[in-house]
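Subject: Structure handover

Hello,

Here is the structure I said I would pass on. Please keep it open while you read the notes below.

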Amino acid sequence: MSTLHPTQDPSWRLFQDRFGGLQRARRVETLLLVAIAALLFVIAAVYTDFSPAHVAAGLPRIGEYFGKLFSVEPARGAAPVPVLAWDHLFQGEKQPQSIAYWFYRINVYLVLLWQTVQMAIVATVMGFTAAFVLSFPATRTLLGTGLVAMLVRRVLEVARSIPQVVLAFILVWPFGVGPLAGILAIGIHSTGALGKLFSELNENADLRAVEGIRSVGGSWIAQIRYGMVPQVLPGFLSYALLRFEINVRSSTIIGFVGAGGIGQELRRVIGFNIYEEVSAICLLILVIVVAIDLLSERIRHRFIGNLGGTP
């Protein structure tokens, strides 16, 4: 019994024709999107102060600050910049050309940095709790009517649409300058962002367990507690850890409006052009963000993995 070569099989040729058509359609779609993006860029450039000559002149200066870090002396008449020298790099804090000189106020920085982390922790817990409660009434598949879900979703949209800096600036007036305004601002924004993510996880969950509990007379709370939460909790915690990393950086930014933490100190040293302290604070922020990212990754893999049923 003879068999046809794959290229002689009519079904194979039909598949090739169909596949080739899809590839051509995808290429046309990609070219169209690129053309639209280019057109929008040109329109934006025309109606703004975008200048290719200005960009070309400014690009080489991006690394100018980092180049001056390791120069022997700043140019005469130039603004004071941190100056490092390789032969003095790791000497004591009395040597202006060493890294230790940047961190002569390390005790103050560490206290403010810990305050920033505390702000992020409290704001994340507050946002997670509120988003956890609001995500279930925001899920259309868990309610008999879409009115409640629509109203709750609008509340979450308002909470996440207002920038955190604006929220912090508003809350500074009733709560005063300090961490409380920053915590509330980050917590409100986290509620809106996490609430949307949580409700989407709920809508993608398997409803058979919920329907089973409902069929035996279980209340709506029981359906959520025993039918929905065990499925979505690993995803909730994963998003919460990611949000905590974001909130650490946000706590630094909103400090610029007087909401406390290391950001408030960063604004002060920038205002006084104390460049060595600016560099020291930026390095500390980088270190703490990397450390939190590594710690969150280990927690996510160990705790959430086991919670989700994987080894």
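Predicted model: local features only at pLDDT ≥ 70, side-chain atom pairs only at ≥ 80, totals over all residues.

Residues are numbered from 1 along each chain as its sequence is written, and side-chain values use heavy atoms, with hydrogens and water left out.

Overall fold

The protein has twelve helices and zero strands. Helices (H or I, at least four residues) and strands (E, at least two) are DSSP runs, numbered from the N terminus. Of the 311 residues in the protein, 34% are buried. Buried here means under 20% relative accessible area, exposed means over 50%, and partly exposed is in between (1.4 Å probe, protein chains only). Contacts are heavy atoms within 4.5 Å. Among contacts between residues at least 6 apart in sequence, 65% join residues at least 24 apart. The protein exposes about 19200 Å², and carbon and sulfur atoms supply 69% of this area. Accessible areas come from the Shrake-Rupley method with a 1.4 Å probe, and for residues only the protein chains shown count as cover.

Nonpolar cores

A nonpolar core is a set of buried Ala, Val, Leu, Ile, Met, Phe, Trp, Tyr and Cys residues joined through side-chain atoms within 4.5 Å. The largest one has 15 residues, of which F128, F136, L142, F198, I224, M228 and F236 touch the most other members. Helices α5 (106–135), α8 (179–204) and α10 (220–254) each supply at least two residues of this core. The most comes from α10, with seven residues. A second, separate core has 14 residues, including F103, L112, L113 and I281.

F136 deserves a separate entry. Leaving aside residues up to four places away in sequence, F136 touches L142, N202, W220, I224, M228, V229 and F236. F136 counts as buried because its relative accessibility is 4%.

Aromatic rings

Rings of Phe, Tyr and Trp (its six-membered ring) pair if their centres lie within 6.5 Å; planes under 30 degrees apart count as stacked, over 60 as edge-to-face and the rest as tilted. A search of the whole structure finds six aromatic pairs. One of them is F132 with F136, edge-to-face, at 5.2 Å centre to centre and with 80° between the planes. F132 also forms an edge-to-face pair with F236, at 5.7 Å centre to centre and with 90° between the planes. This second pair links distant parts of the chain, since F132 is in helix α5 and F236 in helix α10, 104 residues apart. F132 is partly exposed, with a relative accessible area of 24%, whereas F236 is buried at 0% relative accessibility. Ring pairs link F128, F132, F136, F198 and F236 into a cluster.

Salt bridges

A salt bridge is taken as a side-chain nitrogen of Lys or Arg within 4 Å of a carboxyl oxygen of Asp or Glu. The count by this rule is six.

- R154 and E157 form a salt bridge, with the closest N and O atoms 2.6 Å apart. The two are separated by about one helical turn, because they are three residues apart in helix α6 (residues 146–161). R154 is partly exposed at 37% relative accessibility, and E157 is partly exposed at 31%.
- K196 and E200 form a salt bridge, with the closest N and O atoms 3.0 Å apart. They are four residues apart in helix α8, so about one helical turn separates them. K196 is partly exposed, with a relative accessible area of 32%; E200 is partly exposed at 31%.
- R208 and D206 form a salt bridge, with the closest N and O atoms 2.7 Å apart. R208 is exposed, at 65% relative accessible area, while D206 is partly exposed at 31%.

Salt bridges that share partners also join R140, R153 and E203 into one network.

Surface patch

L32, L33, I36, L39, L40, F41, V42, I43, V46 and Y47 make a nonpolar surface patch of about 1100 Å². Patches are made of residues with over 30% relative accessible area and no salt bridge: like charges are joined within 9 Å, nonpolar side chains (Val, Leu, Ile, Met, Phe, Trp, Tyr) within 5 Å. I43 counts as partly exposed because its relative accessibility is 39%.

Regards
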